[in-house]
Amino acid sequence: LGTNGAGKTTTLQMIMRQVALTSGTIEIDGKNISAAADDKFAGMGFCPQKNALLPNHTTKEVLMFYARVRGIPTVELEEYVQQWMNMTRLTPFQNTRCKSLSGGNKRKLSLTIAIIGNPTLAVLDEPSAGVDPAARKKLHRVINAVKLKGTTIILTTHHMGEAAKMGDRIGIMVQGRLGCIGTAGHLLNVYSEGYVCNVSMTR
């Protein structure tokens, strides 16, 4: 959680080894990622802040490709991808080329690519950015369902409400540093000043 420029995206890029660390360490399963083998990242999913889609392929074609990469058997591929499109409400756009999708549907597709196949770790950089409020709630349910299946999820957001709904632990970044970390209840107890209620009386 943090404002623009707080360092959220840079931190995720360091986790995915897209940006080199200048100080500190990052460990996954107790192993430093700088020394981890490439196969350590084979079971990870990544939803970047900027959509990385194949512009001339349809939604279904892209998901079929990534499902194959995840090792889904060919005989199950069609039904498996259809289930994921139903979950993320992408079925009406299954034959639409990626370049013709709306901004919100591009984010849905990027998120689906990251979590299809239930990876061991999913790194999601503002997965619901540009998605309308109703669709965002549905995406929250999908993310939480994937989490319940055992996937560890790291995500960034600007919204405290979104972080509170999905985060078991919330870290707040300030100027490139982790200012605090804890459960939503803990952070509210320590840092919140309570609720302010303004009442206007009229005759």
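Tutor: Happy to! One term to start with: helices here are DSSP runs of H or I with at least four residues, and they are numbered from the N terminus. Also keep in mind that this is a predicted model.

Student: Good to know. Where does Q94 lie, then?

Tutor: Q94 sits in the loop that links α3 and α4.

Student: And is Q94 buried or exposed?

Tutor: Buried, because its relative accessibility is 18% and the cut-off for buried is under 20%.

Student: What is Q94 in contact with, apart from its neighbours in sequence?

Tutor: Setting aside residues within four places in sequence, Q94 is in contact with T58, T59, K60, Q82 and M85. T59 and K60 are themselves among the buried residues of helix α2.

Student: Let's do α2. Which of its residues are buried?

Tutor: In α2, which runs over residues 59-69, they are T59, K60, V62, L63, M64 and A67. Their cover includes α3 (74-87) and α4 (103-115). After the helix comes G71, with a positive phi near 90°.

Student: Switching to α4: how many of its residues are buried?

Tutor: Eleven of 13, so the helix is mostly covered. Among them are G104, N105, R107 and K108. The buried residues of α4 pack against β3 (44-47), α2, α3, β4 and α5.

Student: Last topic: how many residues are in the largest nonpolar core?

Tutor: It has 30, and those with the most contacts inside it are L63, A67, W84, L109, I115 and L124. At least two residues each come from α2, α3, α4, β4 (121-125) and α5 (133-148). There is also a second, separate core of twelve residues, including I15, I26, I28 and V123.

Student: What does L124 touch beyond its neighbours within four places?

Tutor: Its contacts include L12, C47, L111, A114, I115 and I143. In general, nonpolar side chains tend to be buried together in soluble globular proteins.

Conventions
Residues numbered from 1 in each chain as written. Predicted model: local features only at pLDDT ≥ 70, side-chain atom pairs only at ≥ 80, totals over all residues. Heavy atoms only, no water. Buried < 20%, exposed > 50% of the residue type's maximum accessible area, 1.4 Å probe, protein only. Contact = heavy atoms within 4.5 Å. Core = buried A, V, L, I, M, F, W, Y, C linked by side-chain atoms within 4.5 Å.
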